[in-house]
Amino acid sequence: MPLFNRIEDEEKYREWLREHHDVGFVLNCYYYPNGEVAMLHLPACETLLAHDDFNHTGPKFAKKCGIELDDLLNWAACELAVKVKGCSCLRGLRLISTESR
């Protein structure tokens with residue numbers, strides 16, 4: 001499961017999105033965990049693809065990408081100690097809550 005957390009990782013992150021547009025997940029989190037909620041997306045999520053004019057990785061945000069949802073959720077619990085919320089792109093998949101809290 002790659003972690004893209006530096007500005008230099010931006011092209012590799014975008015390449016991962018292109019290669020996995022129909023399979024896998026992207027966990028969007030703060031570079032320095034601060035107790036905030038991490039957001040789970042599908043690689044083809046419009047939110048991730050909409051902004052081409054700035055870096056999505058480092059210094060503020062990191063992206064943890066993977067194929068297996070359980071692996072990403074376990075990583076978030078162990079490494080970040082944050083709750084994971086699902087983006088609206090996951091609605092209908094019933095994998096994780098997408099409700100606002």
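In what order do the five strands of the open sheet stand, and what kind of pairing do they show? The five strands follow the order β1-β4-β2-β3-β5, and their pairing is mixed. This is a predicted model, in which local features need pLDDT of at least 70 and side-chain atom pairs count only at pLDDT 80 or more, while totals for chains, interfaces and linings use all residues. Residues are numbered from 1 along each chain as its sequence is written, and side-chain values use heavy atoms, with hydrogens and water left out.

View 1. Helices (H or I, at least four residues) and strands (E, at least two) are DSSP runs, numbered from the N terminus, and two strands pair if DSSP finds at least two bridges between them. The edges of the sheet are taken by β1 (3–4) and β5 (84–86), each of which has a single partner strand, so one side of each is left without a neighbour in the sheet.

**View 2. Strand β4 and its two pairings.** β1 and β4 run antiparallel and are joined by two bridges, with Leu3 having Lys64 in β4 as its bridge partner. β4 also pairs with β2 in the antiparallel sense, here over six bridges, and the bridge partner of Asn28 in β4 is Lys63. Five of the six residues of β4 are buried, so that the strand is mostly covered, where buried means under 20% relative accessible area, exposed means over 50%, and partly exposed lies in between (1.4 Å probe, protein chains only).

**View 3. Strand β3 between β2 and β5.** Strand β2 (residues 25–30) and strand β3 (residues 38–41) run antiparallel and are joined by three bridges, and Leu27 stands opposite Leu40 in β3. The pairing of β3 with β5 is parallel and spans three bridges, with Val84 in β5 as the bridge partner of Ala38.

**View 4. Helix α3 across the sheet.** Helix α3 (residues 69–80) lies across β1, β2, β3, β4 (61–66) and β5, and runs at about 15° to β2. For such angles, axes are lines fitted to C-alpha atoms, for helices over the stretch in contact (heavy atoms within 4.5 Å), and the angles run from 0 to 180 degrees between N-to-C directions.

View 5. Side chains of opposite charge can pair when their charged atoms come close. The structure holds four salt bridges, each being a side-chain nitrogen of Lys or Arg within 4 Å of a carboxyl oxygen of Asp or Glu. Arg6, Glu8 and Asp9 are linked in a network of salt bridges, and within it the side chains of Asp9 and Arg6 meet at 3.3 Å, N to O. Asp9 is buried, with a relative accessible area of 6%, whereas Arg6 is partly exposed at 43%. In helix α1 (residues 10–19), Arg14 and Glu10 lie four residues apart, about one turn of the helix, and their side chains meet in a salt bridge of 2.8 Å, N to O. Arg14 counts as buried at 18% relative accessibility, and Glu10 counts as buried at 7%. Another salt bridge links Glu11 with Arg18, the closest N and O atoms being 3.0 Å apart, and Glu11 counts as partly exposed at 47%.

**View 6. A charge over a ring.** The charged end of Lys63 sits over the ring of Tyr13, 5.7 Å from its centre. A charge sits over a ring if NZ of Lys or CZ of Arg is within 6 Å of the ring centre and within 35 degrees of the ring normal.
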